[in-house]
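Student: Can we go through this model together? I would like to start with the helices.
Tutor: Fine, have it open.

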Amino acid sequence: MGKTKNRWLIALAAVGIHISIGSVYAWSVFTNPLAEQFGWSLSEISLTFSIAIAFLGLSAAFMGHFVEKYGPRISGLVAATFFGIGIVGAGFAVDIGSLWLLYLTYGALGGIGLGIGYITPVSTLVKWFPDRRGLATGLAIMGFGFAAMIASPIMASLINSVGISNTFYILGISYFIIMIGSSLYLERPPEGYMEGAAVANKKTQADLSQLTANEAVKTKRFWFLWTMLFINVTCGIAILAVASPMAQEIAGLSAVAAATMVGIMGFFNGAGRLAWASISDYIGRPNVYTTFFVLQIGAFFMLPSISHAIAFQVVLFLIITCYGGGFASIPAYIGDLFGTKQLGAIHGYILTAWALAGLVGPIVAARVREVTESYAATLYIFGGMFIVALVVSLIIRMDIKQLREKNAKETLAG
């Protein structure tokens, strides 16, 4: 019997993968340089980001069973290969001035690496931390949110000093090395690891069920989760895609101040993931999601009328914590409702919501801006969507309550 690895180092390896692939959140740093060099429109450039997120969701859905079958180490190496080739390929696309090749490399290939790399550590960490499920998923996904804070200034500096294409080359090679090293340390916990820890934790309730991925998608609860994630991601990802130009338009920030804000958003994206996921261990995942939607209804309807730079950024940062927190809380929510039998595969299926949202959010934001010459209409549309999400979050709570009562009766009868 080999020595059991340190679960905190497993968590660190997970962060290494996520902090690499999470650099996709700093895509807006490339927007103006690409527009200036090639004359491409905002919609054309934003589509690269949307394609990457679409392929993230699709590959997560299709490769969830692959991750469960072959384990986190092999999956991580596959993710590193796709993501590294995608980013390096984007450098070549810029070298030859091909927008379509940029879509194929950064968007499609990079997106596949994103999807596999995103789900690879999550189900593994949930099994390493049965006593603190929310914290575990928060740790796994925190790096993805923090990545923009780290990557944004590095990307901006590299673009200024070595050009866009060389920036992609340097980033692609660097991320490949980090992801390979992290993947080689990842592994599943030994059989029976910390058995009974979740039961010993008084705050932890028994999972509602233990379902396979194919069983889970046939339940109403799966689609309630899917809808809530879709709305939360659509609105948040649209804000991320246009954060810099929107802040300049509504609050009058300079280009430099807006770029700094994008980096700080990365901090709140990451901090929100860890904070909200940890809070969910204490107040429960249903309460956390309802809180997200109440806060964001107010924030999105207020944002267009906030011209004060500091106040605008504070509201924006609150939105981003909810956006990140939604991602970090969803794997634990899945575990609560469907168990950990095939958590990685179910998580992959749920992330198809992210794939669709990645297309819808940035495109709606860019198109409405181009038609109305203002971001206000987009923000009001998203505020309305959060009202729908709030209703869904209340319906799923009733569904969970009914299922718990049914389980309790069956336990008593047994």
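Tutor: One term to begin with: buried means under 20% relative accessible area, exposed over 50% and partly exposed in between, with a 1.4 Å probe and protein chains only. Helices (H or I, at least four residues) and strands (E, at least two) are DSSP runs, numbered from the N terminus. The model is predicted: local features need pLDDT of at least 70, side-chain atom pairs count only at pLDDT 80 or more, and totals for chains, interfaces and linings use all residues. Residues are numbered from 1 along each chain as its sequence is written, and side-chain values use heavy atoms, with hydrogens and water left out.

Student: Which residues of H2 are buried?
Tutor: Ser28, Val29, Phe30, Thr31, Pro33 and Leu34.

Student: And what do the buried residues of H2 pack against?
Tutor: Contact means heavy atoms within 4.5 Å. The partners are H3, helix H4 (99–128), helix H5 (133–162), helix H6 (164–185), H9 and helix H10 (255–283).

Student: At what angle do H2 and H3 pack?
Tutor: Helix H2 (residues 28–38) and helix H3 (residues 42–95) make an angle of about 135 degrees, and their axes are 6 Å apart. Axes are lines fitted to C-alpha atoms, for helices over the stretch in contact, and angles run from 0 to 180 degrees between N-to-C directions. Under 35 degrees counts as roughly parallel, over 145 as roughly antiparallel, 65 to 115 as roughly perpendicular and the rest as oblique. H2 and H3 are therefore oblique to each other.

Student: Which residues of H2 and H3 meet?
Tutor: From H2, Thr31, Leu34, Ala35, Gln37 and Phe38; from H3, Leu42, Ile45 and Val94. What follows H2 is Gly39, with a positive phi near 75 degrees.

Student: Let's switch to H11 and H12. How do their axes cross?
Tutor: Helix H11 (residues 285–302) and helix H12 (residues 309–338) cross at roughly 155 degrees, with axes that come within 10 Å. That is why H11 and H12 are roughly antiparallel to each other.

Student: Now the core. Which members of the largest nonpolar core touch the most others?
Tutor: Leu225 and Trp354, out of 135 residues. A nonpolar core is a set of buried Ala, Val, Leu, Ile, Met, Phe, Trp, Tyr and Cys residues joined through side-chain atoms within 4.5 Å. Helix H9 (residues 220–250) gives the most to this core, with 20 residues.

Student: What does Leu225 touch?
Tutor: Not counting residues up to four places away in sequence, Leu225 touches Ile330, Tyr333, Ile334, Leu337, Phe338, Ile350 and Ile396.

Student: Is Ala52 buried or exposed?
Tutor: Ala52, in helix H3, has a relative accessible area of 0%, so Ala52 is buried. Ala52 and Gly110 are 58 residues apart in sequence, yet 6.4 Å apart in space, C-alpha to C-alpha.

Student: And Leu102, buried or exposed?
Tutor: Leu102 sits in helix H4 and counts as buried because its relative accessibility is 1%. Leaving aside neighbours within four places in sequence, its contacts include Trp27, Leu34 and Trp40.

Student: Last one: where does Glu373 lie?
Tutor: In the loop between helix H14 (352–372) and helix H15 (376–413). Glu373 is not a glycine, but its phi is positive, about 60 degrees. With 64% relative accessibility, Glu373 counts as exposed.
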